[in-house]
Amino acid sequence: MTRYLALKFSFCKRGDYRDGEKGEYKMKKQKLPIGIQTFNKIREDDYIYIDKTKEALELIGNYTYTFLSRPRRFGKSLFLDTLHNIFEGKKELFEDLYIY
């Protein structure tokens with residue numbers, strides 16, 4: 001039996017602030033990480049990051065073997081680098097993320 005891990009993404013709220021009068025969230029302008037595949041560079045240089053740490057935690061806790069089948073340029077290397085940083089215990093990179 002094949003089991004699939006469905007990845008759902010939510011935007012990281014790092015740098016967001018709430019407008020006092022209207023109660024709306026305003027996002028801080030951030031750079032797009034075009035061509036950057038390292039998690040620590042994206043987090044340290046304040047690029048936009050879609051938080052996938054919830055899915056990483058589910059993957060670590062529930063699966064023994066996983067085959068990541070995604071199209072080209074879909075974030076496989078970045079996700080693996082995120083897992084690498086989780087296992088190295090670099091807590092400072094995960095502030096404001098689900099796994100912290």
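Q: What volume does the largest pocket have?
A: In this predicted model, the largest pocket has a volume of about 540 Å³.

Q: And how many residues line the largest pocket, and which lie nearest its centre?
A: The lining is made up of 18 residues, and those nearest the centre of the pocket are Ile 36, Arg 73, Phe 74, Gly 75 and Leu 78.

Q: Which helix gives the most to that lining?
A: That is helix α3, which spans residues 76–88 and supplies three residues to the lining of the largest pocket.

Q: How do the lining residues divide into nonpolar, polar and charged?
A: Eleven of the residues lining the largest pocket are nonpolar, four are polar and three are charged.

Q: Back to Arg 73, where is it found?
A: Arg 73 sits in the loop between α2, residues 53–62, and α3, and it is one of the residues nearest the centre of the largest pocket.

Q: Is Arg 73 buried or exposed, and why?
A: Arg 73 counts as exposed because its relative accessible area is 64%, and the cut-off for exposed is over 50%.

Q: New topic, backbone angles: what is phi of Arg 73?
A: Phi of Arg 73 is near 60°, which is a positive value in a residue other than glycine. Most residues other than glycine have a negative phi.

Q: What about Asp 96, what is its phi and where is its place?
A: Asp 96 has a positive phi too, near 70°, and is likewise a residue other than glycine; its place is in the segment after α3.

Q: Buried or exposed, that Asp 96?
A: Asp 96 counts as exposed, at 55% relative accessibility.

Notes. Residues are numbered from 1 along each chain as its sequence is written. This is a predicted model: local features need pLDDT of at least 70, side-chain atom pairs count only at pLDDT 80 or more; totals for chains, interfaces and linings use all residues. Side-chain values use heavy atoms; hydrogens and water are left out. On a 1 Å grid over the protein atoms alone, a cavity is a set of points where a 1.4 Å probe fits but cannot get out, and a pocket is an open set with protein on both sides within 12 Å along at least five of seven lines; lining residues have an atom within 4 Å of a point. Grid points are joined across faces, edges and corners, and a volume is the space filled by probe spheres set on the points. Helices (H or I, at least four residues) and strands (E, at least two) are DSSP runs, numbered from the N terminus. Ala, Val, Leu, Ile, Met, Phe, Trp, Tyr, Cys and Pro count as nonpolar, Asp, Glu, Lys and Arg as charged, and the others, Gly among them, as polar. Buried means under 20% relative accessible area, exposed over 50%, partly exposed in between (1.4 Å probe, protein chains only).
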